[in-house]
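Student: I would like to learn how to read aromatic side chains in a model. Can we work through one?

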Amino acid sequence: MAAANCFKHGTILPVSANLQHKQLPPRNSCTINKEPKGNRNMMLMMGLSGRQGKAFKRVGMIRCSGRSIEDFIGGDLVKFDLGRWLSDVEEHKALAVYSPHEGGYEGRYLNRLRYQGYYFLDLSARGLGDPETTLTKVHPVCPPHLGKQPISRWYFPPEVDYRLAALPPKAKGLVVWIIEAKVLSKAELQFLALLPTLRPKVRVIAECGNWRKFVWKPLEEISGLTANEG
């Protein structure tokens, strides 16, 4: 048994052992590649393989498509599309943005709008209620009564009109930034797309989902007000 194990691993055996196992070579014998390491690496680099008499095979190489200069000089810090971002905000006035799941990228675009003189109203779409009533009309709010206090109703002024009245004289406008806007219906997104028409100094940014990089589209296309050409 010991002699058989040694023969299986390629160890030189005595003459008697070689004669004994000459007619019955092991089926699972290990072969040692005598090819120099440099030649073997060269063949792997060339994508060729000639083992067991098979035809040469070309090893496929994985390449990342869409690489640009941002991938080599810190594209997560230097945003080359900030100029297009500012022009699209001024042109469309209401945008649907899609940010990466890890978050943090949208802050650079927000700060660029702040540098331009905009003030912000940050809202969450969850619990917002009717956007038209909450943003442009006097709306009621019922605080939790916890089952012990009487049910009361408080009235609050319109969120957008109240913030517009409190803007400094040199402010460029008000940006209504809505997170988790993916839970809003199409009718609610359509109102947000029309809000800058009702309030000319208002810009709307709605976070409608996630993507591998920070991208945006006009909110009118997302909500179905205009035909989506893309």
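Student: In which strand is the place of W154?

Tutor: This is a predicted model, in which local features need pLDDT of at least 70, side-chain atom pairs count only at pLDDT 80 or more, and totals for chains, interfaces and linings use all residues. Residues are numbered from 1 along each chain as its sequence is written, and side-chain values use heavy atoms, with hydrogens and water left out. Strands are DSSP runs of E of at least two residues and helices are runs of H or I of at least four, numbered from the N terminus. W154 is in strand β4 (residues 154-156).

Student: How many aromatic pairs are there?

Tutor: Rings of Phe, Tyr and Trp (its six-membered ring) pair if their centres lie within 6.5 Å; planes under 30 degrees apart count as stacked, over 60 as edge-to-face and the rest as tilted. The count here is seven. W85 and Y109 are edge-to-face, because their ring centres are 5.4 Å apart and their planes are at 70 degrees. This pair links helix α4 (residues 82-92), which holds W85, with helix α5 (residues 106-115), which holds Y109; the two residues are 24 apart in the chain.

Student: Are W85 and Y109 buried or exposed?

Tutor: Buried means under 20% relative accessible area, exposed over 50%, and partly exposed in between (1.4 Å probe, protein chains only). W85 has 0%, so W85 is buried; Y109 has 1%, so Y109 is buried too. W85 and Y109 form one aromatic cluster with F214 and W216.
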